Every structure is written in structure tokens, then in C-alpha cells.
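User: I would like to learn how to read a structure like this one. Can you take me through it feature by feature?

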Amino acid sequence: MPIKSLIDRIDAVLPQTQCTKCGYDGCRPYAAAIATDHEAINRCPPGGQAGIQALAALLHTPELALDTRCGEHQPLMLAVIDETHCIGCTLCIQACPVDAIVGANKLMHTVIPDRCTGCDLCVAPCPVDCIAMVPAKTEWTPDLAIVARQHHQQRQRRLSTLHPEPSSLAARTLANKAPLSVAANIDTAGRQQIIADALARARARRQKP
Ligand code: SF4
Ligand code: SF4
Ligand code: SF4
């Protein structure tokens, strides 16, 4: 089978949350690694055991248990922004792989629930911890995966127009710009507080087992 169509078929089985928990920059890069580098088929927590079974059947390879070093399989969650605390820094918009967050610089941001894949990539960058993941009360479906792939591809096309370098580098470039603009828009005390809070969160994360 041509390698591109094998990547397509593997990608079609993956959940398309674009969460990067597999260690790759989205579902398609993981699909490419499985197809070309013999990457393990058990690195996708959102897909869970059912996803691993589907990959094993597609590739005629033994089923493996989920590699929990990548994360646990969990019910679908959605991001919710506490709009009263949002400072409009735009960091979450830049982190979201499917353009599920709307807002503008220094204005309140909000999540479009129908677009959110529950990837939680917006949570860590928020400097004021005002994004929570809450149970979605619905299940992730193949139809939602198809739509999420389209949203991710639209975003990648937009980023590649703005930055002709690879999308991951473009995302990093955009992400690196934000702290500068945030810092420019906040007074010294506010800046110091944001840095102190970020350090405290980083220390707390490091202390977790
Ligand atoms: S859903 Fe997340 S872990 Fe699974 S393949 Fe896509 S990016 Fe990787
Ligand atoms: S809003 Fe947050 S959790 Fe939802 S898709 Fe975007 S980055 Fe992921
Ligand atoms: S990262 Fe947090 S503070 Fe910044 S815009 Fe998003 S929700 Fe608001």
C-alpha cells in the first residue's frame, strides 16, 4: 500500500482531538510515525483500548495495552473559561489546535463548546488559571473527529500562510510573541504577580508524583 494512503487510513482511526498526548504534534504526525517509523500503536489516551484495537486490526499487529505514560483514557471533557478572571492575553487561542476559543487581545475570551475537543492544551498556558476542564456529558464520535480534523487543518493552513515554516514552529513562534505582548500591556506589579503565579504553578506541578 502507498505510504500516504496507509497514513490516511491510520489517521482515520485516530480521534483527532489533536491533544499531543501521544508525543506527536497531532494525530496525523502520530499516524505518520506509526506508518513509517514503527511507532507503537498504544500511545493515544483519547482513543483508549477501542482505538488500539482498531489500529491493531488495520495493521494486522497484536493489540497492546494503552501506554499510560501518555495518559489515562478519560470521559470527554470540555474547556470552560471563567470570563470574570480572563485578562485577554490570547495565550489559550494560540494553544488551541482547532480554533475553539474566541476573543481579542485584552478582551474576555470564551470557548465554543461545539468545537472543543477536550484536548486541555489551553489550560497550562493560562497565566491566571481561569480555564477549567468539565465533563462534556456526551461521547466523542467519529463524526466529531472528522469535523475536528477539518478545524485543525484550517488552522494549520492559516498558520502556514502567516508563517511559512512548519506548523509546530509557527505555533511556537506565535506562542512566544504572546508573553511579550502581555508583558507590554500590564504594569510592573501585575507582571511580577503573573510571573510569581506561573512559578508557583510550575513548582506545584513538579511536586506532583
Ligand atoms: S488524539 Fe491526541 S494522543 Fe491521540 S493521536 Fe491524536 S494527538 Fe495523539
Ligand atoms: S478550547 Fe482548550 S480544550 Fe478545547 S480544543 Fe481548544 S485547547 Fe483544547
Ligand atoms: S489564557 Fe486565560 S487569561 Fe489568557 S485569554 Fe485565555 S482564558 Fe483569558
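**Reading the ligand shells and the fold**

Analyst: Start with a ligand shell. Around ligand 2 the shell residues divide into 11 nonpolar, two polar and one charged. Here Ala, Val, Leu, Ile, Met, Phe, Trp, Tyr, Cys and Pro count as nonpolar, Asp, Glu, Lys and Arg as charged, and the others, Gly among them, as polar. A residue is near a molecule if its C-beta atom, placed from the backbone, lies within 6 Å of it. Ligand 2 has 14 residues around it, and Ala79, Cys96, Cys116, Cys119 and Cys122 come nearest.

User: Before going on, what kind of model is this, and how are things numbered?

Analyst: This is a predicted model: local features need pLDDT of at least 70, side-chain atom pairs count only at pLDDT 80 or more, and totals for chains, interfaces and linings use all residues. Residues are numbered from 1 along each chain as its sequence is written, while chains are lettered from A and ligands numbered from 1 in the order in which they are written.

User: How many residues surround ligand 1, and how many surround ligand 3?

Analyst: Ligand 1 is surrounded by 16 residues, with Cys19, Lys21, Cys22, Cys27 and Cys44 the closest. Its shell holds 10 nonpolar, five polar and one charged. For ligand 3 the count is 15, and the closest are Cys86, Cys89, Cys92, His109 and Cys126. That shell has 11 nonpolar, four polar and no charged residues.

User: Where is the confidence lowest in the protein chain?

Analyst: Look at pLDDT, the predictor's confidence in each residue, from 0 to 100. The protein chain averages 85, and 77% of the residues score at least 70. Confidence is lowest in helix H6 (residues 167–185), with a mean of 46, and highest in H3, at 98. Over residues 175–186 the pLDDT is below 50.

User: How do I read a core?

Analyst: In soluble globular proteins, nonpolar side chains tend to be buried together. A nonpolar core is a set of buried Ala, Val, Leu, Ile, Met, Phe, Trp, Tyr and Cys residues joined through C-beta atoms within 7 Å. Buried means 20 or more other C-beta atoms within 10 Å of a residue's own, exposed means 12 or fewer, and partly exposed is in between; C-beta atoms are placed from the backbone. The largest core has 21 residues, of which Cys92, Cys96, Ile101 and Cys122 touch the most other members. Strand E1 (77–81), helix H4 (91–95) and helix H5 (142–162) each give two or more residues. H4 gives the most, with four. A second, separate core of 14 residues includes Cys27, Ile34, Ile52 and Leu55.

User: Which residues does Cys92 contact, leaving aside its neighbours within four places in sequence?

Analyst: Two residues are in contact if their C-beta atoms, placed from the backbone, lie within 7 Å. Cys92 contacts Ile101, His109, Cys122, Pro125, Cys126 and Ile131, leaving aside neighbours within four places in sequence.

User: Which residues of helix H1 are buried?

Analyst: An α-helix has 3.6 residues a turn, so residues three or four places apart point the same way. In H1 (residues 3–13), Ile7, Ile10, Asp11 and Val13 are buried. Seen down the H1 axis, the buried residues fall within an arc of 155° (taken from the directions from the helix axis to the C-beta atoms), so they line one face. They pack against helix H2 (27–37) and helix H3 (48–59). On the other side of H1, Lys4 and Ser5 are exposed.

User: Is His152 buried or exposed?

Analyst: His152 sits in helix H5. It is buried, because 22 other C-beta atoms lie within 10 Å. Beyond four places in sequence, His152 contacts Gln16, Gln18, Gly26, Pro97 and Val98.

User: And is Val134 buried or exposed?

Analyst: Val134 belongs to strand E4 (residues 131–135). Val134 counts as exposed, because it has 11 C-beta neighbours inside 10 Å. Its C-alpha atom is 5.3 Å from that of Leu78, 56 residues apart along the chain.

User: What is the phi of Thr90?

Analyst: Most residues other than glycine have a negative phi. Thr90 is not a glycine, yet its phi is positive, about 75°. Thr90 lies in the loop between E1 and H4.
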